[in-house]
Amino acid sequence: MTVVEPFGLSVWDEALEADIRTGLAAVEEGLLEATKSDVPFITDAARHLVEAGGKRFRPLLVMLGAQFGDPHAPGVVPAAVVVELTHLATLYHDDVMDEATVRRGVPSTNARWGNSVAVLTGDFLFSRASHLLADLGPEAVRVQAESFERLVTGQIMETVGPRDGHDPLDHYMEVIAGKSSSLVAVSGRFGGMMSGAGESVVRILSAFGERIGAAFQLADDILDIASDSHESGKTPGTDLREGIPTLPVLHVRRWYAQSGSDASAEDRRLNELLDGDLTDDARHAEALALLRRHPAMELARRDTLELAHEARALLEPLPDNPAKYALATLCDAVVHRTR
């Protein structure tokens, strides 16, 4: 068994390992080419997060999905570049909305150059992704457009919050399905589509991406609370500071509501902090410490594990090959990120 970076995928097949390494190296070259501008400043800003690294989770799914057809088909690498460019563009915009200062262990683009440059650079990356997408055919354009609509809808839903009478946890999972799962589902789908895999295989890869994408985001929610900036590459508790209720916080809220008068002093204090201003460093640090030892963290981990199990089960009808088993190991890798 070998481990393929950057995500840490366990692979038992030498040919598959070689294909993945070669494919991801080609994706890196494609990202550098796509972020090159005649204006040097734009190149610097556009490559800021590319050169900071990243797990390349979405391109990896494209490469693995392509193993069910012709993994060397000409559209595979460009499709992987498209999904990663789209993902990177959303990070530029997210950091502006969250007022984040660190991303992937380096200063965020908005912290370095300001909000306007960050937003416009994200737009530049979207335009480059669209340019590549146009060469992949009208079906690929339609799939990406539908995914992008879901992504933006999810972001808007997160911004406005749940409607009256709507369970906040259900609302949050709908948000995750839009802003996170949609692009991961496209990654699996593009891998199958571009390699010429059968329609049933493409559907399975898309559904797998939907589930594993949700699990991946929930794992990020947990890491945002549980890890320090050295481990995660970004400032811990960013969503907490901005008042964005992610899965652990929503479980705390439900736990507190169900406890009623039996709520502990720590639970009461944590909910008081969550109801207040967490831009204050001292209050933020206290809330983070209380969250890290709250049972809600384990509940969030169980939710993540359940989604990973659902993703693994979807793979069952696929042909038995090394890529199928590699996809199954991704389910374990996602869950283990929360430990």
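Student: Phe-148 first. What does it count as, at 31% relative accessibility?
Tutor: Partly exposed, because 31% lies between the cut-offs of 20% and 50%. Bear in mind that this is a predicted model.

Student: Which residues form a nonpolar patch on the surface with Phe-148?
Tutor: Val-152, Ile-156 and Val-160. Together the four have about 340 Å² of accessible area.

Student: And where is Ile-156 placed?
Tutor: In helix 7, residues 138-160.

Student: Let's move to rings. How many aromatic pairs does the structure hold?
Tutor: Three. One of them joins Phe-41 and Trp-113.

Student: How far apart are the ring centres of Phe-41 and Trp-113, and at what angle are the planes?
Tutor: The centres are 5.7 Å apart and the planes stand at 80 degrees. That angle is over 60, so the pair is edge-to-face.

Student: Is Phe-126 buried or exposed?
Tutor: Buried. Its relative accessible area is 16%, which means it falls under the 20% cut-off.

Student: New topic: helix 3. Why is it described as largely enclosed by the rest of the structure?
Tutor: Because 10 of the 10 residues of helix 3, residues 57-66, are buried. Among them are Phe-57, Arg-58, Pro-59 and Gly-65.

Student: Now Arg-163. Where does it lie?
Tutor: In the loop between helix 7 and helix 8 (168-195).

Student: Buried or exposed, this Arg-163?
Tutor: Exposed, with a relative accessible area of 60%.

Student: What does the side chain of Arg-163 join in a polar contact?
Tutor: The side chain of His-166, at 3.0 Å.

Student: And how are Arg-163 and Arg-253 separated?
Tutor: Their C-alpha atoms are separated by 17 Å. Along the chain, the two residues are 90 residues apart.

Terms used. Residues numbered from 1 in each chain as written. Predicted model: local features only at pLDDT ≥ 70, side-chain atom pairs only at ≥ 80, totals over all residues. Heavy atoms only, no water. Buried < 20%, exposed > 50% of the residue type's maximum accessible area, 1.4 Å probe, protein only. Helix = DSSP H or I, 4+ residues; strand = E, 2+ residues; numbered from the N terminus. Patch = residues over 30% accessible without salt bridge, like charges linked within 9 Å, V, L, I, M, F, W, Y side chains within 5 Å. Areas by Shrake-Rupley, 256 points an atom, 1.4 Å probe, with all protein chains shown as cover. Salt bridge = Lys/Arg side-chain N within 4 Å of Asp/Glu carboxyl O. Phe/Tyr/Trp six-rings, centres within 6.5 Å; stacked < 30°, edge-to-face > 60°. Polar contact = N/O pair within 3.5 Å; in protein donor to acceptor, adjacent residues only side chain to side chain.
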